[in-house]
Amino acid sequence: MHETRLQLASLGLPEGSEIGLELFQETTMGMTDFVQKLNYQRALQGELVRTIKALDAVEQARVHLVIPKESLFLKEKPKGKASVMLKIKAGKALSQEQIQGIVHLISSSVEGILPGDVVVVDLKGNLLSGEHEGSEKTVMVASNLKLQTKVEKDLENKILKMLEDALGAGKVIARVSAELNFEKVDRTEEIFDPDSQVVRSEQRVAETTVGAVPPGGIAGVESLLPSGEAAKGNGGTAAKKDRENQTLNYEINKVVRHVEKPVGEIKKLSVGVLIDGTMSGTPAAYKP
């Protein structure tokens, strides 16, 4: 029975059979709480299928939800899970950004489901989405590859336009291989220049002490000498003492620079050009 449903779904039958919130337009008396929750889950799955099928590359979709049950006896809130099966239209493809959009659509529509708990597969069972962290890295790698391809194509077109204007259309083949730097550099520098120092502040203290020496000198041995000898001594002189203290504070010139390099700078280019024609003569000249 399940295989038959998958085969019918792959053929697009029955078309537009998903049930949405219109399921609650008809109320049934005596509906139990279990049936009401089951109908809500069916309606939510149907609405998500309709939204996903609105994408241009999606032909059919099925959504299965495991809605967590609330309980007052659990400390941690239980987590839910979701799985999505997609049938992609012939000649179409979903980008990693679109797949991540489906993942976040599911996680944002159902409470308790995180992006890492959503799995997206195709009809062949190929995993289109992994864990959230891994998917972000995959998206980043795909974005870098897209930028590299764009740079190469732009340079090839410039080479072709320049040479075909001189040699003629269809006479030139150009190929460019670019190596880009995808490292994100965010650097803050503080540069000091000791040769450009200037005086920021200056403090100078000058102190002068003035006193007098009594006649006969300072009390000591001379004061014990006989009066005749003491009289020959100093008759009294003035004393002066000077002291000066100077403090200089210098300011060194400082430059603060914030450098943020853009992602995707060209590190290396390899260019190959093939021209339809011959080189002959001295000096060599191009002949179509």
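1. Helix H2 (residues 33-53) and helix H3 (residues 96-109) pack in this predicted model. Their axes come within 11 Å and cross at roughly 155°. Since angles over 145 degrees count as roughly antiparallel, H2 is therefore roughly antiparallel to H3. The crossing of H2 past H3 is right-handed.

2. Which residues make the contact between H2 and H3? From H2 come Leu 48, Thr 51 and Ile 52. From H3 come Ile 102, Leu 105, Ile 106 and Ser 109. By class, the residues of this contact divide into 5 nonpolar and 2 polar, with no charged residue.

3. Is Glu 189 buried or exposed? Its relative accessibility is 19%, so Glu 189 counts as buried; the cut-off for that class is under 20%.

4. The side chain of Glu 189 has polar contacts with two arginine side chains, those of Arg 187 and Arg 257. The contact with the side chain of Arg 187 is at 2.8 Å. The contact with the side chain of Arg 257 is at 2.5 Å.

5. Leaving aside residues up to four places away in sequence, Glu 189 touches Val 255, Val 256 and Arg 257.

Methods. Residues are numbered from 1 along each chain as its sequence is written. This is a predicted model: local features need pLDDT of at least 70, side-chain atom pairs count only at pLDDT 80 or more; totals for chains, interfaces and linings use all residues. Side-chain values use heavy atoms; hydrogens and water are left out. Buried means under 20% relative accessible area, exposed over 50%, partly exposed in between (1.4 Å probe, protein chains only). A polar contact is a pair of N or O atoms within 3.5 Å; within protein, one must be able to donate a hydrogen and the other to accept it, and residues adjacent in sequence count only if both atoms are side-chain atoms. Contact means heavy atoms within 4.5 Å. Axes are lines fitted to C-alpha atoms, for helices over the stretch in contact, and angles run from 0 to 180 degrees between N-to-C directions. Helices (H or I, at least four residues) and strands (E, at least two) are DSSP runs, numbered from the N terminus. Angles under 35 degrees count as roughly parallel, over 145 as roughly antiparallel, 65 to 115 as roughly perpendicular and the rest as oblique. A crossing is left-handed if the near helix is turned anticlockwise from the far one by less than a right angle, and right-handed if clockwise. Ala, Val, Leu, Ile, Met, Phe, Trp, Tyr, Cys and Pro count as nonpolar, Asp, Glu, Lys and Arg as charged, and the others, Gly among them, as polar.
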